Amino acid sequence: MHVGGARTAIYNWLLRQQGGGELILRIEDTDRARSDRAMERQIQDALTWLGVSWDEGPFLQSERVSGHLARAAELVESGNAYPCFCSSERLDSMRAAAQAQGEGFLYPRTCLELSKDDVERRLAEGHSHIIRFLMPRENTRFPDLIRGEMDVPPDALDDFILVRSDRSPTYHLSVVCDDIDMGITHVLRGEDHLSNTPKHVRLFEALRVDVPQFGHLPLILGPDKKRLSKRTGATSVEEFRSQGILPDALFNYLALLSWTTPDEEEILTKSEMVPLFSLDRLGASAAIFDEDKLKWVNGKYLSTLPVRDVLHHLRPFLDDGGLRDIDEDLLERAVDLHRTRPRTLVDLAASVKPYFVETLEYDPELCADFVAQPELPGLLGALKGRFAQASSWDAEALEEGLRNLAAEKDVKAGALIHPTRMALTAAKAGPSLFEVVEVMGKDATFRHLNTFMAYLRSSATR
C-alpha cells in the first residue's frame, strides 16, 4: 500500500472520528489485471497495522457489476449516455490526426448522430460497442473541500466510457454507482483524481442524486521534488514496516504531511489528533516526504511508548536476528535502557543483541585506536577483576570500581570506559556504560571482555 493511499485513509479516518458517520472500505478492483485477492488482503493488513479501522466493508466493486450495468442502461434510456460502435482502430486514427495538428482529442460524437433504428439494428445484430456518457457542453463547477471552487471548461472533458465492449463497467461508472448505493457524503482522495471529479459530478447529476463533497489531497513528492517513487527510497507501508518503523509513528508522520495543527505540534497520538483535525487546515501544496524526519518521529515513539508496546513490535526483528526463547526480564530491561537512541526497530534489535549472544563481531576500523594500545588488554583484565570484587552488581558500585582502578593506574576514566563499551556492545556510543554492565550481568560482561581482550591481542600481532 503506497504511503499516499495510507495518508488518504488516515484523513478519512480522522474526519469520520470527528464528524461521525461511517468509514467505508471499498476495494476498487474493476481493473482485474491489477487486482487479486492477495492485493486485497495486503491493503487490509496495511490499514489494520497502521491503526486505520473501518465501519463497513471491505466491499469489492467487481461483485457489484450487475447494479452498475443497470444504471448504465438507465443513463442510455434517459438520453445521458449512448452506444458507440467506433472501432479502436478508428479511434486511434482520429486521435493520431488530432495530435498531428497539435490539438487535444475529443470524441466527435459520431455515433450520437446515428438514428434510433440504426442503433437498435446494430445492437440486435450483436455489433461490438461501448457505452459513452454524454457530457454537457458547458462548464462543470463544484466546490473542493481543500482547493475551493473548481471550474472546468467543456473542452477539457470527453464523452468518457461507462461500459467497455466486454460489458465490464469502467471505474467512473462503478465508483459513482457505489457512492450512491452506500450513501457516501464525503470523499477525500488524491489530486490525481481531480481530473475525474467533473465527470463524476456530471454522472451524479444525470442520475438525479446529491453530489458528495470532494476534497483532493496534494501529491507526496520525494526529496527530488518528483512523485515519490522507489528510485528515491521506500514508498509503501509494508516497506517502512520492514525497516522498523512503528505504526503510530508512521500514522503521526503521514497525518502531518499535509495537515498542520493550530500549535504546529510534531508528535501527536491519534486521540490527540481527532479533536484538532479540520479540513480547512489541509494544505493544497505538494508534500515532501523526508525519511530522516520520519525516523526522527519514530525515535520519539521508541523513547516514549510503554516498553511492552515496543516489545510487541520488536519481536519479529528479534526473531530475524535469531533471538528466540530469551530471558524476558533481561530483554525488557535491555530494551528500556537502549530505546532512547535507535531510530528504528532494526537498530533497537541490534542494540540489545549483545545481551544474549555468546560472541560479538568487532569492526576493525572502529577498534583501530584500541588495537594500537598494547597496554589495553592488561587494563581490561584488571577491570574485570575489579568488577568481580564489586560490593554489589549495580551501576553505582561498578562505576566506583572503574574509577578507582583508573586513579590507581593513573589513566583517565575514559581510557577504560570507551574500550569497555566496545567490548560489551561492539559500538562506540550508547547509554551509560555502568547501566549496561548492570543489566548485562556478570557472566555476559566477563564473556565479552574476554573475547575483546583476545581480539586485541590477535589483532596487534597481525
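Trainee: Which residues are buried in H7?

Mentor: Thr-197, Pro-198, Lys-199, His-200, Val-201, Arg-202, Leu-203, Phe-204 and Ala-206. Buried means under 20% relative accessible area, exposed is over 50%, and partly exposed lies in between, with a 1.4 Å probe and protein chains only. Before we go on: this is a predicted model, where local features need pLDDT of at least 70, side-chain atom pairs count only at pLDDT 80 or more, and totals for chains, interfaces and linings use all residues. Residues are numbered from 1 along each chain as its sequence is written, and side-chain values use heavy atoms, with hydrogens and water left out.

Trainee: How many residues of H7 are buried, and where does the helix run?

Mentor: Nine of the ten, over residues 197-206, so H7 is largely enclosed by the rest of the structure. Helices (H or I, at least four residues) and strands (E, at least two) are DSSP runs, numbered from the N terminus.

Trainee: What follows H7?

Mentor: Arg-208, with a positive phi near 60°.

Trainee: Which residues of H9 are buried?

Mentor: Pro-247, Ala-249, Leu-250, Phe-251, Asn-252, Tyr-253, Leu-254 and Ala-255. That is eight of the nine residues in 247-255, so H9 is largely enclosed by the rest of the structure.

Trainee: Switching to helix packing. At what angle do H16 and H20 pack?

Mentor: About 170°, with the axes 9 Å apart. H16 covers residues 376-388 and H20 covers 442-460. That makes H16 roughly antiparallel to H20. Angles over 145 degrees count as roughly antiparallel, under 35 as roughly parallel, 65 to 115 as roughly perpendicular, and the rest as oblique. Axes are lines fitted to C-alpha atoms, for helices over the stretch in contact, and angles run from 0 to 180 degrees between N-to-C directions.

Trainee: Is the crossing left-handed or right-handed?

Mentor: The crossing of H16 and H20 is left-handed. In that case the near helix is turned anticlockwise from the far one by less than a right angle.

Trainee: Which residues make the contact?

Mentor: From H16, they are Leu-376, Pro-377, Leu-380, Gly-381, Lys-384, Phe-387 and Ala-388. H20 brings Lys-442, Thr-445, Phe-446, Leu-449, Asn-450, Phe-452, Met-453, Leu-456 and Arg-457. Contact means heavy atoms within 4.5 Å.

Trainee: What does the contact of H16 with H20 look like by class?

Mentor: Ten nonpolar, three polar and three charged residues. Ala, Val, Leu, Ile, Met, Phe, Trp, Tyr, Cys and Pro count as nonpolar, Asp, Glu, Lys and Arg as charged, and the others, Gly among them, as polar.

Trainee: On to strands. In what order do the three strands of the open sheet come?

Mentor: E3-E4-E7, with antiparallel pairing. Two strands pair if DSSP finds at least two bridges between them. E3 (81-84) and E7 (161-163) are the edge strands, each with a single partner strand, so one side of each has no neighbour in the sheet. The twist averages 40° from one strand to the next.

Trainee: How many bridges join E3 to E4?

Mentor: Four, and E4 spans residues 130-133. Ala-81 stands opposite Phe-133 there.

Trainee: What about E5 and E6? How many bridges?

Mentor: Five, running antiparallel, with E6 at residues 148-152. A hairpin of three residues joins E5 to E6. Asp-144 has Gly-148 of E6 as its bridge partner. On E5, Thr-140, Phe-142 and Asp-144 make the covered face, while Arg-141 and Pro-143 make the uncovered one.

Trainee: Where is Glu-138?

Mentor: In the loop between E4 and E5. Glu-138 is partly exposed, at 44% relative accessible area. Beyond its neighbours within four places in sequence, Glu-138 contacts Val-152, Pro-154 and Arg-202.

Trainee: What is phi at Ala-426?

Mentor: Positive, about 60°. Ala-426 lies between H18 (414-425) and H19 (433-440), in the loop. At 23% relative accessibility, Ala-426 counts as partly exposed.
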